[in-house]
Amino acid sequence: MAILLVQAGLSNFSGSFIRAHEELIDSDKVILRGPSHNLMHNGRQIKLFYSAKPLLFKLKKLLPQFIYHKYVAQQREGFEGRHDAIEGLVKKFKVKLIFAEFGHNGAALAPHAKKLGLPLIVHFHGHDAHRTDFIKPKLEAYKAMFAYATKIVSVSHFMTDALLELGAPKEKIVYNPYGPRPFFYDNQPNYGNTIFYVGRFTDIKSPILILDAFRRLVKTCPEAKLVMVGTGELLENCKALVKAWEFEDKITFTGGVPHDELMPYFQNACMFVQHSVQPSYGDAEGTPNTILEASASGLPVVSTKHAGIPQAVIHEKTGFLVDEYDSKGMSEYMLKLFKDKDLCREMGEAGRNHIKTNYNIDRHIGILNKIIQDSL
């Protein structure tokens, strides 16, 4: 017996919480990746390799190529073709439950789960609950998913409110924030002159506002350095801005770094910064895993009053929070910490204890294991 764990496409530099599900959920797992219209198992398109009628499927493959592509291949692209592939895979691996990462995957898979009579758990993560232009075309599919799903997982109270507005039944929503891996708690920062950011270079993370806050800080603290890890569509804009400011000796862009190679960056920092915002199209974070990892690593966090961050960062105890788009306020708190490394250490240790108590990875996985077993 196995569960079908359906993920979106992941790079080596993102989605650490999804990889944790793949590694730690206590069930036999069949992993599907990719967009819902072209799901892959072990790097192979399931529509080309699985069928509920395998003999008939093999016979069809013996057809002349032009006939196969005209009649069979096109049929595999529609709902019935995709369903036949999913059903074939479900039968082969004795799948008893579908666990969909991200709401859009859950919405796409709900009709298949319903047709197969399988329970469905949908784990939301961020944009899939908040980004209006992304959700609007899928709204009817979301409603059908909410009606059928056994459980819907939310990672912040802010997200829970958004899901309720979208029509998710309150009794189906399970609040279950992420947790960092245990090795982060072993980190001992040097609390030197380096300020650290890791995350996507995208609108929701607003890296340009981090740069603006750092630019203000450097006027008072020219010895400060900023290291920014990650990739994304705004990276080149950020590099251009730094070049225009002639700050290339103060700011380092590393590009993407695999998750298991991040520890030296946490060790060599005095604080962690992230300026999450809700852009005009409504996108929002869940509870950012990078902030949980930074606090678990003993770093104070300077961030924004956004989504699940105010629960993860206790203002004036484990870090500082400013309103969204307030880069001046962010700079002032960065300056306060930069000039007082004892405060960095004190807040960092308070943050480590807060995360250990309230954002435990074992508890996160334990809750997922329980709702899977209850659903089965």
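## The sheet

Six strands form an open sheet in the order β2-β1-β5-β6-β7-β8, with parallel pairing; strands here are DSSP E runs of at least two residues, numbered from the N terminus, and two of them pair if DSSP finds at least two bridges between them. The edges are β2 (29-32) and β8 (173-175), each of which pairs on one side only. From one strand to the next, the twist averages 20 degrees.

Strand β1 (residues 2-6) and β2 are joined in the parallel sense over four bridges, and L4 stands opposite V30 in β2.

## About the model

This is a predicted model, in which local features need pLDDT of at least 70 and side-chain atom pairs count only at pLDDT 80 or more, while totals for chains, interfaces and linings use all residues. Residues are numbered from 1 along each chain as its sequence is written, and side-chain values use heavy atoms, with hydrogens and water left out.

## The nonpolar cores

Now to the interior. A nonpolar core is a set of buried (under 20% relative accessible area, 1.4 Å probe, protein chains only) Ala, Val, Leu, Ile, Met, Phe, Trp, Tyr and Cys residues joined through side-chain atoms within 4.5 Å. The largest has 99 residues, and F124, L163, I195, F266, V273 and M334 have the most contacts inside it. Helix α11 (residues 207-220) gives the most to this core, with six residues; helices are DSSP H or I runs of at least four residues.

Apart from this core lies another, of 15 residues, among them L5, I361, I365 and I372.

Methods:
Axes are lines fitted to C-alpha atoms, for helices over the stretch in contact, and angles run from 0 to 180 degrees between N-to-C directions. Buried means under 20% relative accessible area, exposed over 50%, partly exposed in between (1.4 Å probe, protein chains only).
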